Amino acid sequence: MASPEPPDVPPDARGVPSDLTQPPASVSHLRRYVSLRGPNTRMWMTAAYFSGTLTLGFLVVAGSMFWHVLREETTVGSVALWASAGLVMFFIGPGSNVFLVRGLPQRITRQGISADSDGITVLQERKWWFPGEGTFIAWPEIRRIREVHTGGRRLTYFIEFALDTPRTAPELPSWAETAESLDLDADPDAATQFYVQVPRNRKEHILRMVERTAPLPTVVERTPPLRRR
């Protein structure tokens, strides 16, 4: 059975930041999703476990030191040694927890690119105290989507989004890069241009997803990527 035709989208449609704190009012057909979670997630989880272990060690050291001080079984040298060890563990353990606890949910939550009959959403899902963040882009806004890579021997891969409509910084994903930050030539004909870093084994999945979902598959350009200036 043939799939239903996508609904008409007004030429002046504007994508706006998605409100991920509320469930969607409707579900568009042809929805597809590619996850962008990579090795950084495991790195953050490892750092969290390491910081938690050091925090536990700090509590053991501090508790043992106070116990021996109260029982008057210590010397000035031993107290100084215990205090120094506890101070170092405090800064590495509980001190780093302030940074990790704040940013951990955003770093380990599901992150990806979703495409449906209405457009594309670049999103990070809600997790714990992180409310989630997403940017919706309607198909009529999109001028071009393509792969770009930077670097020499060790390449870093990005998906470029070139839009015909202007977007302010708050309307773009907070983890998006610009042509200037990547030292790439900007497209003078694009009103907005941003880049999302993707794992090497996911870039082709994203391009094929867009080709299969977009009203005009030619929105994906299979041209050689931009070179560094």
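This is a predicted model: local features need pLDDT of at least 70, side-chain atom pairs count only at pLDDT 80 or more; totals for chains, interfaces and linings use all residues.
In total, the chain holds 4 helices and 8 strands. Of its 229 residues, 39% are buried.

**The chain as a whole**

- The protein chain has an accessible surface of about 14000 Å², and carbon and sulfur atoms account for 59% of that surface.
- When contacts between residues at least 6 apart in sequence are considered, 68% of them join residues at least 24 apart.

**The sheet and its helix**

- An open sheet is formed by 3 strands in the order β6-β7-β8, with antiparallel pairing.
- Strands β6 (142-150) and β8 (192-197) are the edge strands, each pairing on one side only.
- From one strand to the next, the twist averages 25°.
- Helix α4 (residues 203-213) packs on the sheet and touches β6 and β7. The direction of α4 makes about 170° with that of β6.
- Strand β7 (residues 156-163) pairs with β8 in the antiparallel sense, over 6 bridges.
- Phenylalanine 161 has phenylalanine 194, in β8, as its bridge partner.

**The nonpolar cores**

- In soluble globular proteins, nonpolar side chains tend to be buried together.
- The largest nonpolar core has 26 residues, of which Ile120, Ile142, Ile145, Phe161, Phe194 and Val210 touch the most other members.
- Two or more residues of this core come from each of β3 (111-115), β4 (119-124), β6, β7, β8 and α4.
- Another core, of 6 residues, lies apart from the largest one; Val148, Phe158, Leu182 and Leu184 are among its members.
- Isoleucine 142 is in contact with Ile120, Ile137, Ala162, Leu163 and Val219, leaving aside its neighbours within four places in sequence.

**Two residues with a positive phi**

- Tryptophan 128 is not a glycine, yet it has a positive phi of about 55°. Tryptophan 128 is placed in the loop between β4 and β5 (133-138).
- Because its relative accessible area is 56%, and the cut-off for exposed is over 50%, tryptophan 128 counts as exposed.
- Aspartate 183 is likewise not a glycine and has a positive phi, of about 60°. The loop between β7 and β8 holds aspartate 183.
- With a relative accessibility of 26%, aspartate 183 counts as partly exposed.

Conventions: Residues are numbered from 1 along each chain as its sequence is written. Side-chain values use heavy atoms; hydrogens and water are left out. Two strands pair if DSSP finds at least two bridges between them. Axes are lines fitted to C-alpha atoms, for helices over the stretch in contact, and angles run from 0 to 180 degrees between N-to-C directions. Contact means heavy atoms within 4.5 Å. A nonpolar core is a set of buried Ala, Val, Leu, Ile, Met, Phe, Trp, Tyr and Cys residues joined through side-chain atoms within 4.5 Å. Buried means under 20% relative accessible area, exposed over 50%, partly exposed in between (1.4 Å probe, protein chains only). Accessible areas come from the Shrake-Rupley method with a 1.4 Å probe; for residues, only the protein chains shown count as cover.
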